[in-house]
Amino acid sequence: MIRNILIHASESGEIAAVLAKRLPDVTCADVDHADKLAAVLADFDPDMVVSIRSTPGGFPKDALFAKQSLKWFVTLGVGVDHLMPWDPKRLTVLNNAGVSGRAMAEYMIMGFLHFAKTMPAFQSDQIKKEWIWRPTYSLEGKTVAVIGLGGTGREVVK
């Protein structure tokens with residue numbers, strides 16, 4: 001049973017306040033920056049940490065994972081390599097892998113079209129109010145190499 005949740009986010013106070021209203025039996029604490037996380041952990045024993053800002057480098061994973069009370073670590077990012085290793089028998093680590101695969105695939109398709117249709121030049125012309133004919137390129141018949149079939153790679157292939 002989760003009794004103590006620590007929110008690590010730039011808007012951590014607002015998120016913790018919402019959770020406190022919705023989960024009255026849970027104690028919520030918050031921290032807005034990784035530099036402050038170890039100090040908060042010294043005074044708070046979370047069962048769960050939800051980190052919206054778990055950035056590589058400088059993230060105090062040792063202080064975090066040393067907390068024996070911690071059973072769940074949730075990062076709203078995708079990668080967790082910078083958090084390894086942890087004891088999977090004691091701690092469950094969750095992330096958002098695959099959640100944005102479709103959006104990223106669409107972004108990549110947009111990028112292909114953006115440059116094939118010379119959008120930077122058209123945008124520059126529009127700002128200058130100059131309408132110059134420019135050649136564009138078709139993607140028909142082109143081949144795309146997808147390196148890596150994670151969530152994003154699989155969506156690009158689709």
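The mean pLDDT of the chain, where pLDDT is the predictor's confidence in each residue from 0 to 100, is 85, and 96% of the residues reach 70 or more. The model is a predicted one, in which local features need pLDDT of at least 70 and side-chain atom pairs count only at pLDDT 80 or more, while totals for chains, interfaces and linings use all residues. Residues are numbered from 1 along each chain as its sequence is written, and side-chain values use heavy atoms, with hydrogens and water left out. Among the elements of the chain, the highest mean pLDDT, 92, belongs to helix α5 (residues 119-128), and the lowest, 81, to helix α3 (residues 61-66). Helices (H or I, at least four residues) and strands (E, at least two) are DSSP runs, numbered from the N terminus.

Five strands form an open sheet with parallel pairing, in the order β2-β1-β3-β4-β5. Strands β2 (27-31) and β5 stand at the edges with a single partner strand each, so one side of each has no neighbour in the sheet. From one strand to the next, the twist averages 15°. Two strands count as paired if DSSP finds at least two bridges between them.

Strand β1 (residues 4-8) runs parallel to β3 and is joined to it by four bridges; I7 has V50 in β3 as its bridge partner. Strand β3 (residues 48-51) also pairs in the parallel sense with β4 (residues 72-75), over four bridges, and here M48 stands opposite W72. Three bridges then join β4 to the parallel strand β5 (residues 92-94), where W72 stands opposite T92.

Terms used
Axes are lines fitted to C-alpha atoms, for helices over the stretch in contact, and angles run from 0 to 180 degrees between N-to-C directions.
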